[in-house]
Amino acid sequence: MALSIVFFVPFIAAALAVLLTRLGRAGAGWVLAVFPAGLAVWFMAQVPAVVRGEVRSVSVPWIPYQGIDFALRLDGLALLMSLLITGLGTLVVIYAGRYLVHHEVLGRFYGWLLLFMGGMLGIVLSDNTLLLFICWEVTTFSSFILIGFEHKEDAARESAQRALLITALGGQSLLVGLLLMGDVVGTMSVSETIASAEAVRASPRYLAILLLVLGGAFTKSAQMPFHTWLPGAMTAPTPVSAYLHSATMVKAGVFLLARLAPVLGGTPPWEILLTGVGTVTMVLGALLALGHTDLKLVLAYATVSVLGALVMLLGQGTAEAIQAMVAFLTAHALYKGTLFLVAGSVDHETGTRDLMHLSGLRKHLPLTAAAGAAAALSMMGVPPLFGFVGKELIYEACLKGPGGWPLALAAMVGFGGMVAAAMRVGVQPFAGKTFRADKPESEVHEAPPSMWLGPVLLAGLGLVLGLVPWVLQPLLATAAVDIGGRQAADLKLTLWHGVTPALGLSAASLALGGGLFALQKPVLRGLKSLNLSRHGPEQFYQESLSALLKLSSSLTRLLQNGSLHQYIVVTMATLGALLGLAVVLRLGFWPPGVSRAILPHEVVVLVGILVAAVLAVVSKSALTSILALGALGLAEALLYVFFAAPDLAMTQVVVQTLTVILFALVFSRFPVKPHEHRFRWWTAALPLTVGGLITWTLLHVAAVPTHRRLADFYASQSVPGGKGLNIVNVILVDFRALDTLGETAVLATSGLGVYLLFRTRSQRKKRQV
């Protein structure tokens, strides 16, 4: 049960956020940070047991009729991600309390941030694919709100819309993939699906499942060509960037691939797609980071590069690659979270994030400068930082894996770009003797403790773990086993591997990065002239969005033009087309034979219905048409009586009587204007065709043998379950309660609309008087 409580804690904190902020704005960050901090302590306490091979799990019935449980599972991989989510979340919540202290809706910000934290924890803890997807969409929607938090700015709204469109589209792809996978293995349980991995890989649906799941993972983890939303998301407040876009949300796609690697991995399509897309993303992301001067944009493209490296390692699938992936994932969360927070502090204190306007800040922001320098060294892969340990493992994995030297050289190019990006973000603003900022030098000083606490702790942790990396070895090895099996258990974390080819590649990346940093001005001019960030995927997104808006506008003009006649025609034509398709594909051209003879009194009623329908159409008098429609409805009520449905007959009589009275009252107030009836063949053919197709379909439905299972269930449960003798009423009120509630809401909304129309008309008349 403890795991269930842990799952709901962030959502409870989110619900309390506004209230706690109103009670004490200045200290709200420290108070709300207690929730993720408590979770982080609890997860830390689970490390010894999980490392021993124990798995914490809980499962309770959720949708029993479908065999779906609310299932949570805490293994090594989930524990590693949970520690990153809650640990970084604690520091970001504290940081945001000072960074946004004067924001008018700070409480709302906390609420959405903690809701996002709950969604991320749900993703990593879920042992049910349906629950995983729900939490996946929680992160999608909450990140949309957080990215567009400054909603009064056009750039924030556009960026939030882009993130939502791309990640939500990927989410729908993921949903279909998960449902197909569940259909193949016969379960929605993640752990049971992993146990049935061979069935998934042997299924003819495997390729479709793989592509659909990759669609969700690639969009979330900003892989090329879906990466454009991540740099745009830098319009969000810095705490959002530090938490969502460096350590958590963008890692959700990587986590999903790691979780499903035992099921979908180990095949040529997996290896080709992940290795290819990951490598391209790694190299291009690093290069694009050199084409910008905004601190957060540089970090955003560097994050894209790292995400590509992690996906590339998963595509390799070897034990060494999996070990390198979990180690570098941890290192990246520490140094990138630090650098984003440092960038936010620089912006907060100097009024700018533009590298062209920043230098000489180390005397004024000493703690921030120290944290930034340590994080930059870790990002560059300089010993004794933990980033060096992770980078060495990546080079060794590339050299020993199927990619060999070509992949290792590509990684070296990517890391070279990241070295230059690290120097630009973590060193350049603080170096130099000349002070430059958008504020006077006298106004620039060290950030408050709540803002430098997070960067200092994270940077210090990166240094400590680099000196004693064996501390993390048991947990990272356990996480690697959950991804790559027992062969990934022999993880060795050490600061010094000797003079190896990996060390040579590491030195080469440092030299390449140093050269790019020294030549950053011509490199920057060259990349800006190429305008890489505005071509390719960016241009495709803009053109696709423009085409979608044009299509929507055209359809709106076609379908919502104010013509009731056209509305009816479009509706009937659509219904006829769908029914016609069903007849051609499924039902056949010949209806089944009638199972019983039609009785004489039934023939009389049917003839009456036909006569009334024709009279309603051809009559030139509105009152005659209304009366004919009423007679038609009453004749239908007789058919219900013939077939032993008196309750439906009474309902039909009441409805038809009221309809006739209301229509007569309304039409009597309309001005009488002479008009001519012009007969159009197509207006006659369309309803006749649709009516014929409906009749055809009903004949086929009536010929299908009746299954009694559902009817027997309703009959047996009507009294004990619904406390009612009328089965129809019990079905509507109890078994279909939500459907009935929805219909009631529609009627209430319609009634409110009618009331407002009459009220508006009455007020208009009063003003005229």
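Here are a few friendly notes on this predicted model.

1. Some ground rules: residues are numbered from 1 along each chain as its sequence is written, and side-chain values use heavy atoms, with hydrogens and water left out. In this predicted model, local features need pLDDT of at least 70 and side-chain atom pairs count only at pLDDT 80 or more, while totals for chains, interfaces and linings use all residues.

2. On overall form, the C-alpha trace spans about 100 × 70 × 50 Å along its principal axes. There are 32 helices and two strands (DSSP runs, with H or I of at least four residues for helices and E of at least two for strands, numbered from the N terminus).

3. Of the 769 residues in the protein, 48% are buried (under 20% relative accessible area, with a 1.4 Å probe and protein chains only). Among contacts with a separation of 6 or more, 78% join residues 24 or more positions apart; contact means heavy atoms within 4.5 Å.

4. The largest nonpolar core has 192 residues, and Leu-264 and Met-325 have the most contacts inside it. Such a core is a set of buried Ala, Val, Leu, Ile, Met, Phe, Trp, Tyr and Cys residues joined through side-chain atoms within 4.5 Å. Helix H16 (residues 319–350) gives the most to this core, with 19 residues.

5. Take a look at Leu-264: leaving aside residues up to four places away in sequence, its partners include Val-200, Tyr-206, Ile-209 and Trp-270.

6. A second, separate core has six residues, among them Val-605, Ile-609, Leu-632 and Ala-635.

Conventions: Buried < 20%, exposed > 50% of the residue type's maximum accessible area, 1.4 Å probe, protein only.
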